[in-house]
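Let's take a walk through this model together, one step at a time. Have the viewer ready and follow along from paragraph to paragraph.

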Amino acid sequence: AMDADVKKENLSSVQQLGVEMTVRYGKYLNLLKEDAENGLCFVLMNCEEFLKQQQRTVVSSLCCLQEHYAGYDWFASSMFLIMSGDRERTLTFLQQFSRLLVSAFLWLRRLHLSMHLPVATVEYGIHPVYFCSAHHIEMLLKAELPLVCSAFHMSGFTPSQICLQWITQCFWNYMDWSEICHYIAICILLGPDYQIYICISLFRHLQQDILKHTEA
């Protein structure tokens, strides 16, 4: 993706929708200028080209195992906002960040079909965040918040489903922007286990609401 004027049409319909949402949110936060859309498209296209070099070839009918990532790259978009729409700084950060272990837990797009994962793990199509972070969240939830754990069990949902949604979207639409920045910074500086603690603290914060909905 060498062309400086990468157009939005080069992205999938899901990515195009994500770009529109990101730019709208960035302008609402007064972080982005009018020409930010092209810059974000440029970042996403470059990320795709860069990460494609580290992908395995897997033959599968599963949507999540196609060559192109099925979802939207919320983490790269978050970094684009943190860098105030500076695409060069965003790409430089992402390239350096991808060398760290914590990138596997914060940047879910990073490990899509990745050669850094065992073949069996890739073929199952289950992201390591699900069987690492989400698994430990459920284990801690049983010990720390047994009532919340029981409420989830009764509802037929698992806490890991909710947490995977939160983590995949970098907590967009769940926390304020300053809190999202704190989440990313804390996990980078203190380690990926803080991703687990933050989810547990959110469940503790939501405990009364969860129990109230369970009763209803």
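To begin, a residue is called buried when its relative accessible area is under 20%, and exposed when that area is over 50%, with partly exposed in between. Keep in mind that this is a predicted model. Now try the cut-off on Ser 133, which has its place in helix 7, residues 128–144. Its relative accessibility is 2%, so Ser 133 counts as buried. What does Ser 133 touch, once residues up to four places away in sequence are set aside? The partners are Phe 105, Pro 128, Gln 195 and Ile 196.

The domain assignment gives domain 1, spanning 13–100, and domain 2, spanning 128–215. Taken over C-alpha atoms, the centres of domain 1 and domain 2 are separated by 24 Å. The two are in contact: 14 residues of domain 1 meet 9 residues of domain 2.

Next come the aromatic rings. The count comes to 14 aromatic pairs. Take Trp 74 and Trp 172: their ring centres are 5.1 Å apart and their planes stand at 55 degrees, so the pair is tilted. This pair links distant parts of the chain, since Trp 74 is in helix 3 (residues 74–82) while Trp 172 is in the loop between helix 9 (159–168) and helix 10 (177–190), 98 residues apart. Are these two residues, Trp 74 and Trp 172, buried or exposed? Both are buried.

A second pair, Phe 75 with Phe 97, is stacked, with 5.1 Å from centre to centre and 20 degrees between the planes. Phe 75 lies in helix 3 and Phe 97 in helix 4 (residues 87–97), so this pair ties together parts that are 22 residues apart in sequence.

Elsewhere, Phe 152, Trp 166, Phe 171, Tyr 174, Tyr 183 and Phe 203 form one aromatic cluster. Leaving aside neighbours within four places in sequence, Tyr 183 is in contact with Leu 106, Ile 167, Phe 171, Met 175, Gln 195 and Ile 198. At 13% relative accessibility, Met 175 counts as buried. With neighbours within four places again left aside, Met 175 is in contact with Ile 180, Tyr 183 and Leu 202. For a sense of scale, the C-alpha atoms of Met 175 and Glu 138 are separated by 21 Å, the two residues being 37 places apart along the chain.

Let's finish with the charged side chains. Side chains of opposite charge can pair when their charged atoms come close. How many salt bridges does the structure hold? There are 4 salt bridges. In one of them, the side chains of Lys 27 and Glu 34 meet at 3.3 Å, N to O. Lys 27 has 32% relative accessibility and counts as partly exposed, whereas Glu 34 is exposed at 67%.

Another salt bridge joins Glu 49 and Lys 52, at 3.7 Å from N to O. Both residues lie in helix 2, 3 residues apart, which is about one turn of the helix. Glu 49 is partly exposed with a relative accessible area of 35%, and Lys 52 is partly exposed with 29%.

Arg 87 makes a fitting last stop. It forms a salt bridge with Glu 88, where the closest N and O atoms are 3.9 Å apart. Arg 87 counts as partly exposed at 23% relative accessibility, as does Glu 88 at 46%. The charged end of Arg 87 also sits over the ring of Phe 42, 4.3 Å from the ring's centre.

Notes. Residues are numbered from 1 along each chain as its sequence is written. This is a predicted model: local features need pLDDT of at least 70, side-chain atom pairs count only at pLDDT 80 or more; totals for chains, interfaces and linings use all residues. Side-chain values use heavy atoms; hydrogens and water are left out. Helices (H or I, at least four residues) and strands (E, at least two) are DSSP runs, numbered from the N terminus. Buried means under 20% relative accessible area, exposed over 50%, partly exposed in between (1.4 Å probe, protein chains only). Contact means heavy atoms within 4.5 Å. Rings of Phe, Tyr and Trp (its six-membered ring) pair if their centres lie within 6.5 Å; planes under 30 degrees apart count as stacked, over 60 as edge-to-face and the rest as tilted. A charge sits over a ring if NZ of Lys or CZ of Arg is within 6 Å of the ring centre and within 35 degrees of the ring normal. Domain bounds come from an automatic or database domain assignment.
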